[in-house]
Amino acid sequence: MSEIPQTVKILAIESSCDETAASVVENGRKVLSNVIASQIDVHTLYGGVVPEIASRKHLECVDQVITEALKQAGCTYGDLDAVAVTYGPGLVGALLVGVSEAKALAYSIDKPLIAVHHMEGHIAANYISRPDWEPPFLCLVVSGGHTELILVKDYGENVFLGGTRDDAAGEAFDKVARAIGLGYPGGPKISKAAEEGKCTIPFPRPCLEEEGFDFSFSGLKSAVLNYLNQQKMMDLPVSVPDVAASFQQAVVDVLVEKTMQAAGQFGIRKIALAGGVSANRALRNAVSESCRKNGYDLSVPELILCTDNAAMIGSAAYYLYRKKEFADLRLNALPGLTF
Ligand code: KG4
Ligand code: ZN
């Protein structure tokens, strides 16, 4: 450990989906800059992320995003101790842009390259928003591609307890939003519509009766589609806010209940949220209420750290840096990376 400098500044790059992001993070906890170029407007035209367009957009702006991140952090390349990058999971073409950029940079400034698992980045968002937050804890990771309960035993030591068998929670939000005409990105739109609605439709709570910590959301999505078809066939009106509120409540009930069951079974009294869906206000409120009742400590990252960003990658990278877990220039993008 004596060789670890007192101050470690890491430039992190994230390009796994539709956000090109770069950040400089000091000692894993202090964010010196957090620049995010979102492509949401262009993908909205197509109702979802178009992988080929995502890769091209990353290519177009990655250099500017990095330059801006360094400028905002008041750093030059010479001040950096390492370059970190998300290498999976995600869209292969999108990941490759970040990975190639990071390899070229690390090589040219002669600093270590650190390969970061995107989901480990989401978990690490909690180290930024809560400077006192340390493992062990239970983390509910809910994003567009993942719904997982992870037991974080130590930094980078993650035990997978359960995950979705089909659609991820965010994916279900996006698909249901499209079906009720709210468009892309579905999560924030459903969440907003739900504020005006009531939970009047009894959608199912998949997997709640089952043992274990797996999730399944495609049946719930089908239940919403069936409900919409039935109303149409019977010439009955559909209240978009009520569908949004009822669907959202079903997702939230399952996520919160399974998380609490896992905490009880593993005797863990610290719970963290991570991933884009943890920006959902109803989920945040429900988890917070359950944790209060059970006397659990809860960490919920601020909104900007929940959705994809590079600060979380810089935080996770610091703990790899401390263990000297460096990548070499053969690093490749791994779109299907799991825990
Ligand atoms: O973590 P993230 O930014 O990207 C992935 O790694 O997937 O998560 C994106 C997902 C999308 O499915 C989006 O609809 C969902 O997070 N999301 C939300 C909210 N904000 C974003 N879902 C529910 N409520 C929200 N407020
Ligand atoms: Zn993500």
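Me: How do the residues of the shell around ligand 1 divide into nonpolar, polar and charged?
Reply: Start with the classes. Ala, Val, Leu, Ile, Met, Phe, Trp, Tyr, Cys and Pro count as nonpolar, Asp, Glu, Lys and Arg as charged, and the others, Gly among them, as polar. Here the shell holds 4 nonpolar, 12 polar and 2 charged residues.

Me: What should I know about the model itself?
Reply: It is predicted: local features need pLDDT of at least 70, side-chain atom pairs count only at pLDDT 80 or more, and totals for chains, interfaces and linings use all residues. Residues are numbered from 1 along each chain as its sequence is written, chains are lettered from A and ligands numbered from 1 in the order in which they are written, and side-chain values use heavy atoms, leaving out hydrogens and water.

Me: Which residues come nearest to ligand 1?
Reply: A residue is near a molecule if one of its heavy atoms lies within 4 Å of it. Of the 18 residues around ligand 1, the nearest are Gly144, Asp174, Gly187, Gly276 and Asn280.

Me: Which backbone atoms lie by an oxygen atom of ligand 1?
Reply: Look for polar contacts, pairs of N or O atoms within 3.5 Å. A backbone N or O atom of Gly187 is 3.0 Å from a ligand oxygen. For Gly170 the distance is 3.2 Å. Gly276 has a polar backbone atom 3.0 Å from an oxygen of ligand 1.

Me: Which elements give two or more residues to the shell around ligand 1?
Reply: Helices (H or I, at least four residues) and strands (E, at least two) are DSSP runs, numbered from the N terminus. The elements here are α4 (118-129), α5 (169-179) and α6 (186-195).

Me: Which protein donors does the zinc ion (ligand 2) have?
Reply: Donors are N, O and S atoms within 2.8 Å of the metal (3.2 Å for Na, K and Ca); water is not among the atoms, so sites may look incomplete. Zinc has His118 (NE2), His122 (NE2) and Asp308 (OD), at 2.0 to 2.1 Å. His122 is in helix α4, while Asp308 is in the loop between α10 (303-306) and α11 (311-322), 186 residues apart.

Me: Where are the cis peptide bonds?
Reply: One joins Gly88 and Pro89, with omega about -10°. Pro89 is in the loop between β4 (82-88) and α3 (92-109). Another joins Tyr184 and Pro185, with omega about -5°. Pro185 lies in the loop between α5 and α6.

How values were computed. Polar contact = N/O pair within 3.5 Å; in protein donor to acceptor, adjacent residues only side chain to side chain.
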